[in-house]
Amino acid sequence: QIDVDPAVDVAIAKSVNVTAPKYLDLVRWTLTVRNNGPDVAHNVKVSDVLPKSLEFVSADLNSYNKSSGIWNVGTLAVGKSAKLNIVAKVVATGKIINKGNVSSREFDYDLTNNNAQKAINVNPASDLEVIKTVNNTNPNLNDSIKWAIKVKNNGPDIAHDVIVSDVL
């Protein structure tokens, strides 16, 4: 007689609701975990550690730990799947890659589908601020006054081709 330890093939797929969000937009990442069998998967865990360019907002299931980035899915029967959603705010620009991983207690005979990643592309953004001041707020008739206009870029990126208009 031969005793064979339980074996599973837990797989993960990842998607995002918007592939080209704007700076400070919210995006929803969906991770779909499936047990392809042949045995029941126990202690299934999904890891999705957000990169610094994404700020955690919310996640389904109370089993998500935002500090560790781990969901405790628990037991997953053969042929069953679980969908996990995480919402994050985009706090950087450029290409942002979010990675996910799934594991279980049992031997996984196919590790090629245990990792998934998806990228988003965030165009450069800037926040221009215009501050206008005057040297005399209570002038007399025929007094000369001096207006000063200050333009400030609050980021996060360089602003190009900035035009300021001041019509008197």
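1. Let's start with Lys14, whose side chain makes a polar contact with the side chain of Asp48 at 3.0 Å. This is a predicted model, so please read the distances here as computed from its coordinates. The Lys14–Asp48 pair also qualifies as a salt bridge, with 3.0 Å from N to O. Lys14 sits in strand S2, while Asp48 belongs to the loop between S4 and strand S5 (54–59), so the pair ties together parts that are 34 residues apart in sequence.

2. Are the two partners buried or exposed? Lys14 has a relative accessible area of 10%, which is under 20%, and therefore counts as buried. Asp48 is at 0% relative accessibility, so Asp48 counts as buried too.

3. What else does the Lys14 side chain reach? The backbone oxygen of Lys99 lies at 3.4 Å from it. Setting aside residues up to four places away in sequence, Lys14 touches Trp29, Thr30, Leu31, Asp48, Asn98, Lys99, Gly100, Ala116, Gln117 and Lys118. One of these, Trp29, turns up again among the core residues in the next point.

4. The largest nonpolar core has 26 residues, and the members that touch the most other members are Trp29, Val33, Val46, Leu54 and Ile120. At least two core residues come from each of strands S2 (10–16), S3 (26–35), S4 (41–47), S7 (70–76), S8 (81–90), S9 (94–103) and S11 (115–122). Which strand gives the most to this core? That is S8, with 5 residues. As general background, nonpolar side chains tend to be buried together in soluble globular proteins.

5. Leaving aside neighbours within four places in sequence, Val33 is in contact with Ala11, Ile12, Val44, Val46, Leu76, Lys80, Ser81, Ala82, Leu84 and Val102.

6. Another joins the side chains of Arg105 and Glu106 at 3.7 Å, N to O. Arg105 is at 59% relative accessibility and so counts as exposed, whereas Glu106, at 10%, counts as buried.

7. A further salt bridge brings together the side chains of Lys132 and Asp166, at 2.6 Å from N to O. This pair links distant parts of the chain, with Lys132 in strand S12 (residues 128–134) and Asp166 in the segment after strand S13 (147–153), 34 residues apart. Lys132 is at 38% relative accessibility and counts as partly exposed. Asp166 is partly exposed as well, with a relative accessible area of 35%.

8. Finally, have a look at Thr112, in the loop between strand S10 (107–108) and S11. Thr112 has a relative accessible area of 70%, which is over 50%, so it is exposed. The side chain of Thr112 makes a polar contact with the side chain of Asp110 at 2.5 Å. How far is the C-alpha atom of Thr112 from that of Ile131? The separation is 56 Å, for two residues that are 19 residues apart along the chain.

Key. Residues numbered from 1 in each chain as written. Predicted model: local features only at pLDDT ≥ 70, side-chain atom pairs only at ≥ 80, totals over all residues. Heavy atoms only, no water. Core = buried A, V, L, I, M, F, W, Y, C linked by side-chain atoms within 4.5 Å. Buried < 20%, exposed > 50% of the residue type's maximum accessible area, 1.4 Å probe, protein only. Helix = DSSP H or I, 4+ residues; strand = E, 2+ residues; numbered from the N terminus. Contact = heavy atoms within 4.5 Å. Polar contact = N/O pair within 3.5 Å; in protein donor to acceptor, adjacent residues only side chain to side chain. Salt bridge = Lys/Arg side-chain N within 4 Å of Asp/Glu carboxyl O.
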